Amino acid sequence: MKRIVYVASECVPFIKTGGLADVVGTLPKIFDKKEYDVRIIIPNYKCIPSKYRDKMKFISNFQMDIGNHSQYVGIMYMEYEGVPVYFIDNEYYFSGLTPYTEDRWDIERFCFFSKAALSILPVVGFKPDIVHCHDWQAGMVPVYLKTLFAGNPFFSGIRSIMTIHNLRFKGIWDVEHLKYCTGLPDYLFTPDKLEIHRDASMLKGGLVYADKITTVSETYAREIQTPFYGEGLDGLLQARHQSLVGIVNGIDYDVYNPEKDRKLAKTYNVTNFKKNKVMNKTALQKELGLPVDKNQFVLGIISRLTDQKGLDLVDAVMNDICQDGVQFIVLGTGDPKYENMFRYYQGIHPAKVSANIYFSDALSHKMYGGCDAILVPSRFEPCGLTQLMALRYGSLPIVRETGGLKDTVIPYNEFEQTGTGFSFANYDAKELLNTINYAKSVFYNQKKSWEDMQVRAMNMDYSWANSAKKYEQLYQ
């Protein structure tokens, strides 16, 4: 029996701001319970919905030294869908209205969390073989394991894995503040350990001390060893390349299932989608006030509206995209400049553009069901889940060849009749426009090829079961 504990700052269904929560909340459920005992440790945030908080049981509490002071550590517990979850309780650190606040304070909170996550293990009587740490918020766990906790027999033999979900976020602050927050000795704050450009980084500490490093796609694992994607850590990641693996995230095939999706106007599957999928398109057009026309090429973006997502490219060619035969639907929030950009284009192309500047889970499902294509032109994308959902619903992805987008979308080849979507290589607005126009021409002029591609897309398997097999190999 392999014993594994996941340490992370978020986990569905308790608290979620991004894809990290899906990984931590979904993956542990997939492993065979006879072979794996997988548990989760997250903070007990005040903002976890009361329907979960009310079910938590109090296990124990103790005082823990951190920095130059002592802090209360409470342990709350519940089992969720067969997975034991421990919540680290401390009102001083976790009583805010949101899981994250401002950087300096977050550094202190998650240094406390990292140390507490290890400190509760002897108290709850669970000695894992592997501690699987996620992103910078858990970055200090491998550091503590190999330093302050190394002399304690309980912790001998425990291995650690550090998973990078997005290298852009590194948990950086000045060296003195990190010394205060962690209580770690001076010798750790050097350029070969935690120091980065005269500051200190929690994620870097995790990457230096973890036994294995993973990230969320094979291509991203290669990309982050280069200066363009490496965020100042490319040298370290090159040095540790033999310990670094990329494993693509999955999606929940029960939640994202066009055959059973109650949010759709008409459910469909790979055998009847030619007849039924179009009903979702017309229902979507009607709901959003676009002209109802089943022959329009409907293109969707479901995204955080930030620089990372390639929206400056879209801005550069938006008037060209909005030509005859195209409707463009956007769903998401983010940087005000992009929110306003899409509102502006809706104002000048009201029959072509629908800008939905909010987030709605229901509308996202209706878009996966009703759009012909989903656009993901990211500057960088560690894994990306949007394109996986698009494939599942037969809405063909149009993506830039980076990170997980490159690993999961096979570009259409009209000579061999292969592929599950469309892609372009360079971060260039003209290439983006040409790829959209090429997809549009296949949609209008090669109907059979388009439908065959939808079949191939819907038959791809990016369920969590696939990813879990690769994690099992890593754990072994």
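Because the model is predicted, local features need pLDDT of at least 70 and side-chain atom pairs count only at pLDDT 80 or more, while totals for chains, interfaces and linings use all residues. Residues are numbered from 1 along each chain as its sequence is written, and side-chain values use heavy atoms, with hydrogens and water left out.

Let's start inside. The largest nonpolar core has 96 residues, and Ile41 and Ile88 have the most contacts inside it. A nonpolar core here is a set of buried Ala, Val, Leu, Ile, Met, Phe, Trp, Tyr and Cys residues joined through side-chain atoms within 4.5 Å. Buried means under 20% relative accessible area, exposed means over 50%, and partly exposed is in between (1.4 Å probe, protein chains only). Helix H4, residues 103–124, gives the most to this core, with 11 residues. Helices (H or I, at least four residues) and strands (E, at least two) are DSSP runs, numbered from the N terminus. There's also a second, separate core of 71 residues, which includes Val298, Phe342, Ala355 and Ile357.

Back to Ile88 for a moment. Setting aside residues up to four places away in sequence, Ile88 touches Ile41, Ile42, Pro43, Asn44, Val73, Gly74, Phe94, Phe112, Phe113, Ala116, Ala117 and Ile120. Contact, throughout, means heavy atoms within 4.5 Å.

Now for H4 and a helix partner. H4 packs with helix H6 (residues 175–182) at an angle of about 35 degrees, their axes 9 Å apart. The axes are lines fitted to C-alpha atoms, for helices over the stretch in contact, and angles run from 0 to 180 degrees between N-to-C directions. The H4 and H6 crossing is right-handed. A crossing gets that label if the near helix is turned clockwise from the far one by less than a right angle, and left-handed if anticlockwise. On the H4 side, Arg104, Ile107, Glu108 and Cys111 make the contact; on the H6 side, it's His177, Leu178, Tyr180, Cys181 and Thr182. By class, that's 5 nonpolar, 2 polar and 2 charged residues. Ala, Val, Leu, Ile, Met, Phe, Trp, Tyr, Cys and Pro count as nonpolar, Asp, Glu, Lys and Arg as charged, and the others, Gly among them, as polar.

Another pair to look at is helix H12 (residues 311–321) and helix H17 (residues 429–445), whose axes come within 9 Å and cross at roughly 40 degrees. H12 and H17 are therefore oblique to each other. Angles under 35 degrees count as roughly parallel, over 145 as roughly antiparallel, 65 to 115 as roughly perpendicular, and the rest as oblique. The crossing of H12 and H17 is right-handed. H12 brings Leu313, Val314, Ala316, Val317, Asp320 and Ile321 to the contact, and H17 brings Ala429, Leu432, Leu433 and Ile436. The contact of H12 with H17 has 9 nonpolar residues, 1 charged and no polar ones.

On to a few single residues. Lys170 sits in the loop between S7 and strand S8 (172–174), and is buried at a relative accessible area of 11%. Beyond four places in sequence, Lys170 contacts Trp136, Ile196, Ser201, Met202, Leu203, Glu231 and Leu233. Glu231, one of those partners, has a phi near 55 degrees, a positive value in a residue other than glycine. Glu231 lies in the loop between helix H9 (227–230) and helix H10 (234–239) and, at 26% relative accessibility, counts as partly exposed.

Glu81 is also a residue other than glycine with a positive phi, here near 50 degrees. You'll find Glu81 in the loop between strand S4 (69–80) and strand S5 (83–89), partly exposed at 47% relative accessibility.

Arg159 lies in strand S7 (residues 159–164) and counts as exposed at 52% relative accessibility. Leaving aside neighbours within four places in sequence, Arg159 is in contact with Asp129, Ile130, Val131, Leu145 and Asp211. Thr402, in the loop between strand S17 (396–400) and helix H16 (403–408), counts as buried at 0% relative accessibility.

Last stop: the peptide bond from Val12 to Pro13 is cis, with omega near 0 degrees. Pro13 is in the loop between strand S1 (2–7) and helix H1 (19–30).
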